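Please consult the sequence and coordinates shown here alongside the text.

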Amino acid sequence: MPETVVHFQIRMPPDLHEQLSSRAREEKCSLNALIVSILKGAEERAVAEGSSAAQG
C-alpha cells in the first residue's frame, strides 16, 4: 500500500533556502528529503526531552 503524502508549503528567508539547498546538494538528496529528515530529528528529540522531563 503506498504511503500517503501530505503537501505542505512553507515560506522561509532566501538565505535559509540557499543554505538548505546547498546542504541537500552536498548530501546528494532532495531539498524535501533534507527538510523532512531535519523535522523528524527535531520531533524525536522533542519527544525524548519531554519524556525525560516528565520522569524528572
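## Lys-28 and the loop

Lys-28 has a relative accessibility of 75% and therefore counts as exposed, the cut-off being over 50%. The model is a predicted one. Lys-28 is placed in the loop between α1 and α2, the latter covering residues 31–55.

## Helix α1

The secondary structure of the protein consists of two helices and zero strands.

Leu-20, Ser-21 and Ala-24 are the buried residues of α1. Viewed down the helix axis, the buried residues of α1 fall within an arc of 105 degrees, so they line one face of the helix. Asp-15, Gln-19, Arg-25 and Glu-26, by contrast, are exposed on the other side of α1.

## Ser-21

Which helix holds Ser-21? Ser-21 is found in α1, which runs over residues 14–26. Its relative accessibility is 12%, and since buried means under 20%, Ser-21 counts as buried.

Ser-21 can also be related to Ile-35: the two residues are 14 apart in sequence, and their C-alpha atoms are 9.8 Å apart in space.

## The largest pocket

The largest pocket has a volume of about 540 Å³. Its lining includes Glu-3, Thr-4, Val-5, Val-6, His-7, Phe-8 and Ile-10. Asn-32, Ile-35, Val-36 and Leu-39 also line this pocket.

How many residues of each class form the lining of the largest pocket? By class, there are seven nonpolar, three polar and one charged residues in the lining. Ile-35, for which the C-alpha distance to Ser-21 was given above as 9.8 Å, is one of the lining residues.

## Surface and burial overall

The protein has 56 residues, of which 9% are buried. Its accessible surface comes to about 5300 Å², and carbon and sulfur atoms account for 57% of that area.

Terms used: Residues are numbered from 1 along each chain as its sequence is written. This is a predicted model: local features need pLDDT of at least 70, side-chain atom pairs count only at pLDDT 80 or more; totals for chains, interfaces and linings use all residues. Side-chain values use heavy atoms; hydrogens and water are left out. On a 1 Å grid over the protein atoms alone, a cavity is a set of points where a 1.4 Å probe fits but cannot get out, and a pocket is an open set with protein on both sides within 12 Å along at least five of seven lines; lining residues have an atom within 4 Å of a point. Grid points are joined across faces, edges and corners, and a volume is the space filled by probe spheres set on the points. Ala, Val, Leu, Ile, Met, Phe, Trp, Tyr, Cys and Pro count as nonpolar, Asp, Glu, Lys and Arg as charged, and the others, Gly among them, as polar. Helices (H or I, at least four residues) and strands (E, at least two) are DSSP runs, numbered from the N terminus. Buried means under 20% relative accessible area, exposed over 50%, partly exposed in between (1.4 Å probe, protein chains only). Accessible areas come from the Shrake-Rupley method with a 1.4 Å probe; for residues, only the protein chains shown count as cover. The arc is that of the directions from the helix axis to the C-beta atoms.
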